[in-house]
Amino acid sequence: MACADQLLAVLATLLAAASTGGDARPSKIAVVGAGIGGSAVAYFLQQHFGPRVQIDVYEKGTVGGRLATISVNKQHYESGAASFHSLSLHMQDFVKLLGLRHRREVVGRSAIFSGEHFVLEETDWYLLNLFRLWWYYGISFLRLQMWVEEVMEKFMRIYKYQAHGYAFSGVEELLYSLGETAFVNMTQRSVAESLLQVGVTQRFIDDVVSAVLRASYGQSAAMPAFAGAMSLAGAQGSLWAVEGGNKLVCSGLLKLTKANVIHATVTSVTLHSAEGKPLYQVEYESEVGSGSDFYDIVVIATPLHLDNSSSNFTFEGFTPPIDGVLGSFQPAVVSLVHGYLNSSHFGFPDPKLFPFANILTTDFPSFFCTLDNICPVNISASFQRKQPQEAAVWRVQSPRPLLRTQLKTLFRSYYSVQMAEWQAHPLYGSHTTLPKFALHDQLFYLNALEWAASSVEVMAVAAKNVALLAYNRWYQDLDKIDQKDLMHKVKTEL
């Protein structure tokens with residue numbers, strides 16, 4: 001009986017598509033994953049195809065994905081992506097669109113810890129910070145800044161391309177359009193190799209660059225240069241966060257889109273076809289049982305990789321077969337500890353004298369990557385950061401869950417420990433080729449772009465690209481896909 005019902009559903013969908021003609025918009029679109037990528041692509045797809053298209057978003061966990069919060073002592077704190085760069089243009093647009101506000105910034109000083117002492121300490125005086133960088137590292141910090149700015153200037157072209165409706169079927173095609181072979185090669189060369197070539201010293205890489213990469217990716221300067229440049233750009237610009245929690249962007253976009261959020265785990269995507277038109281069957285399991293539905297377009301907005309068995313659903317009926325496994329991901333553990341910092345471990349026996357709110361670490365054998373005195377997602381006008389001798393909420397980022405002995409190393413005592421563990425970023429080097437966004441005619445893999453660089457804004461860029469790619473393919477506007485020399489084309493269109 002169930003098979004007959006499914007067959008009737010397929011026939012009904014195909015008849016509806018045939019009766020509306022070749023230029024008809026899709027009737028149903030599925031998005032798998034309700035993180036920032038899935039939420040953004042649902043919004044962009046509706047922008048292009050119109051409000052009458054039904055968009056179903058499947059999410060096995062909580063809306064927001066890696067944008068998440070944890071409650072500590074009746075306050076909520078960011079456990080996922082904590083902040084965004086000022087050049088995150090899509091995220092800036094989302095915040096304005098949804099009527100959200102930037103969170104008030106509470107200033108705190110940073111330092112880099114080598115395991116024995118601080119190799120670099122931030123002061124309250126900008127000129128003194130510059131002098132210290134020059135004194136310790138010469139002009140390496142200027143050479144780094146020039147290198148990052150050159151990469152970012154080219155990367156920012158993507159917003160202009162997308163504004164003109166251009167899309168790319170693969171990550172390599174997208175990177176080539178921005179920076180030609182130099183950008184593609186940056187996914188194969190290490191950060192260290194690239195920076196040494198432009199005159200940055202090994203000492204600066206070991207002390208500063210490695211600390212920034214550990215904080216953002218949990219990886220070393222041996223990671224690819226393109227992902228590293230995007231991470232280092234975030235360390236140089238002004239940062240911001242959303243008042244009330246960054247995950248409000250995801251829930252806000254889905255609400256604005258009026259997407260149908262289905263709390264279920266997708267188990268397979270199967271290709272059906274009639275009269276040359278593909279139709280995709282999405283099968284899923286939820287608390288109330290298993291089910292399936294049929295879609296004109298399907299977007300995978302969750303990582304497909306070796307370590308994520310819950311996302312490794314199967315692709316059936318495709319020729320050639322689709323390989324859903326790409327490589328490994330870097331595990332990350334965020335522990336929110338409400339307690340008293342052991343400042344003696346960092347060379348400050350008197351906790352009242354400890355001046356830092358953010359501690360980064362170099363590549364020494366360490367059980368943690370960063371240690372931050374964090375503020376809640378709702379900051380009142382009168383809020384002030386806790387004094388160093390007082391109990392505060394600290395965010396500890398580490399590659400593995402903290403042992404009790406490690407917690408006692410960092411904290412004199414603590415009231416509570418809340419932990420979030422996930423596969424945070426691709427383990428760069430575990431997959432040698434850059435993946436495609438287009439897995440089939442109207443089946444797309446949004447998270448492909450993570451294998452070039454991984455951040456919230458990069459996922460928003462990928463979402464816009466996939467929405468444009470689906471739109472251009474649906475209406476056969478092939479001149480808007482994988483075009484060369486786009487800078488010249490865009491200039492002539494202005």
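Is Leu128 buried, exposed or partly exposed? In this predicted model, Leu128 is partly exposed, because its relative accessible area is 33%, a value that lies between the limits of under 20% for buried and over 50% for exposed.

**View 1. A nonpolar patch lies on the surface.** The patch is formed by Trp125, Leu128, Phe131, Trp134, Trp135, Tyr136, Ile139 and Leu142, which together have about 880 Å² of accessible area. Helix H4, which covers residues 126-137, gives the most to this patch, with five residues, and Leu128 has its place in that helix.

**View 2. The largest nonpolar core has 122 residues.** Within this core, the residues with the most contacts are Leu45, Phe226 and Leu449. Helix H13, made of residues 456-474, gives the most to the core, with 13 residues. A second, separate core has 20 residues, including Phe113, Phe118, Ala392 and Leu410.

**View 3. Phe226 is in contact with residues from beyond its own neighbourhood in sequence.** When the neighbours within four places in sequence are left aside, the residues in contact with Phe226 are Val151, Phe155, Leu175, Phe183, Met186, Thr187, Ala452 and Ala453.

**View 4. The protein chain as a whole contains 14 helices and 21 strands.** Its radius of gyration is 24 Å, which agrees with the value near 23 Å that a compact globule of 494 residues would have. The C-alpha atoms fill a box of roughly 75 × 50 × 40 Å, taken along the principal axes, and 53% of the 494 residues count as buried. The chain exposes about 22,300 Å², of which carbon and sulfur atoms supply 53%.

How values were computed
Residues numbered from 1 in each chain as written. Predicted model: local features only at pLDDT ≥ 70, side-chain atom pairs only at ≥ 80, totals over all residues. Heavy atoms only, no water. Patch = residues over 30% accessible without salt bridge, like charges linked within 9 Å, V, L, I, M, F, W, Y side chains within 5 Å. Areas by Shrake-Rupley, 256 points an atom, 1.4 Å probe, with all protein chains shown as cover. Salt bridge = Lys/Arg side-chain N within 4 Å of Asp/Glu carboxyl O. Helix = DSSP H or I, 4+ residues; strand = E, 2+ residues; numbered from the N terminus. Buried < 20%, exposed > 50% of the residue type's maximum accessible area, 1.4 Å probe, protein only. Core = buried A, V, L, I, M, F, W, Y, C linked by side-chain atoms within 4.5 Å. Contact = heavy atoms within 4.5 Å. Rg over C-alpha atoms; globule rule 2.2 N^0.38 Å.
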